[in-house]
Amino acid sequence: MTPAAYSIGVDLGGTNLRIAAYTKPSGILEEIRLPTRLHDGRDAVVRDMCGAIRELLDKHSYSFLAGIGVGSPGPIELPEGRLHHLPNLPGWDGFELRAAIERILGMPVIVENDANLAALAEFVLGKGKSLGVDSLCMLTLGTGVGNGIILNGKTWDGMNGMAGEAGHATIWPDGHVCGCGSNGCLEQYASATAIRRMTCEAIATGAAPGLAALQKKNPEFTSREVADSAHAGDADAQKVWEMVGRSLGIGVGALVNTLNLPLYVIGGGVVQAWDLFAPKMFEELRHRSYVYRFTDGEIDAFGHRSAKTYVEPAELGAESGILGACLLPFVAGPEPPK
Ligand SMILES: [Zn+2]
């Protein structure tokens, strides 16, 4: 029997570099994890990456290679894979990631924004598969807020790779300043970083004794501990999560009104606190989006059942980035000639 075609996926993060071999029938066959040696410079990181790719290519040379997919933090110009100001990869501005990898490997690779790859994985193997939809939009709540859009089974890159930046959609016009140069972005109200900041702001008012005690006990407290406080009944912690919910509801409402897709997936570590932010999110969503209200899947007064817009937590968790990179060669069309 001919062995199944395999792909190699790379997940380039600010802390870890993950390189995996994958087949459709068996999933991830094996994975190499390395620290991202940022202090040694981008060439060292790319050399590490290519060394691990070669190791996997040699091991699996008996079967057909579908391609190599590389996920990078954005903003990134596609298909060239040229990086722009990345907060987690200082000194990589203007770096042509795809060309650098191809020079060393002597073979083509496909580069994609990591938020788009998380969306692709969720589409093929997660919530998109469970619901059987053809398109979805995903928000990943982590250090920042990533956004990826899958239209008719393909990642939507936009004109040059910069589509899907809803993390920097304005939610509160005079809100907190953002690293992108604007202020009041969704990322400033729905990321793990934002939850910590909003908690510190509540503590600074002097009127949130429970949260002040949390900070005193652990100055490095995380969004998860703010969730624990809210679950334990702390009203100030609950208010922080309500703000996350309101902000997400406004952001998702604009996406629903613009895109009218069947599914919006919310992923990232913060989603473990779904029960804390979802009620406000849905309340706001119903208020802000009549498209959402008109697509509730119910039968109306005229006996017509509407289509349904789903807003759901992600299924795949922290594996979605590497899985999306592995899936990319199987779904990306042939590269245009250079
Ligand atoms: Zn921003």
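Q: What share of the contacts in the protein with a separation of 6 or more comes from residues 24 or more positions apart?
A: The share is 61%. A contact here means heavy atoms within 4.5 Å.

Q: What kind of model is this, and how are residues numbered?
A: The model is predicted: local features need pLDDT of at least 70, side-chain atom pairs count only at pLDDT 80 or more, and totals for chains, interfaces and linings use all residues. Residues are numbered from 1 along each chain as its sequence is written, and side-chain values use heavy atoms, without hydrogens and water.

Q: How many helices and strands are there in the protein?
A: There are 12 helices and 12 strands. Both are DSSP runs, numbered from the N terminus: helices are H or I with at least four residues, strands are E with at least two.

Q: Why is the protein called as compact as a globular protein of that length?
A: The globule rule is 2.2 Å times the number of residues to the power 0.38, and the radius of gyration is taken over C-alpha atoms. For 338 residues the rule gives 20 Å; the radius of gyration is 21 Å, close to that value, so the protein is as compact as a globular protein of that length. The C-alpha trace spans about 60 × 60 × 35 Å along its principal axes.

Q: Why is cysteine 137 called buried?
A: Buried means under 20% relative accessible area, exposed over 50%, and partly exposed in between (1.4 Å probe, protein chains only). Cysteine 137 has 2% relative accessibility, so it counts as buried. Across the protein, buried residues make up 49% of the 338 residues.

Q: What makes cysteine 180 partly exposed?
A: Its relative accessibility is 43%, so cysteine 180 counts as partly exposed.

Q: How do you know that cysteine 137 is in no disulfide?
A: A disulfide is a pair of cysteine sulfur atoms within 2.5 Å. The nearest cysteine sulfur to cysteine 137, that of cysteine 185, is 16 Å away. A search of the whole structure finds 0 disulfides.

Q: Is methionine 198 buried or exposed?
A: Methionine 198 has a relative accessible area of 8%, so it is buried. Methionine 198 sits in helix 6 (residues 192-204). Leaving aside neighbours within four places in sequence, methionine 198 is in contact with Tyr189, Val240, Met243 and Val244.

Q: What makes asparagine 152 and asparagine 260 worth a look?
A: Most residues other than glycine have a negative phi, and most peptide bonds are trans. Asparagine 152 has a positive phi of about 50°, and phi of asparagine 260 is near 50°. Asparagine 152 lies in the loop between strand 9 (145-151) and strand 10 (154-155). Asparagine 260 is in the loop between helix 9 (235-259) and strand 11 (263-267).

Q: Why is asparagine 152 called exposed?
A: Its relative accessibility is 62%, so asparagine 152 counts as exposed.
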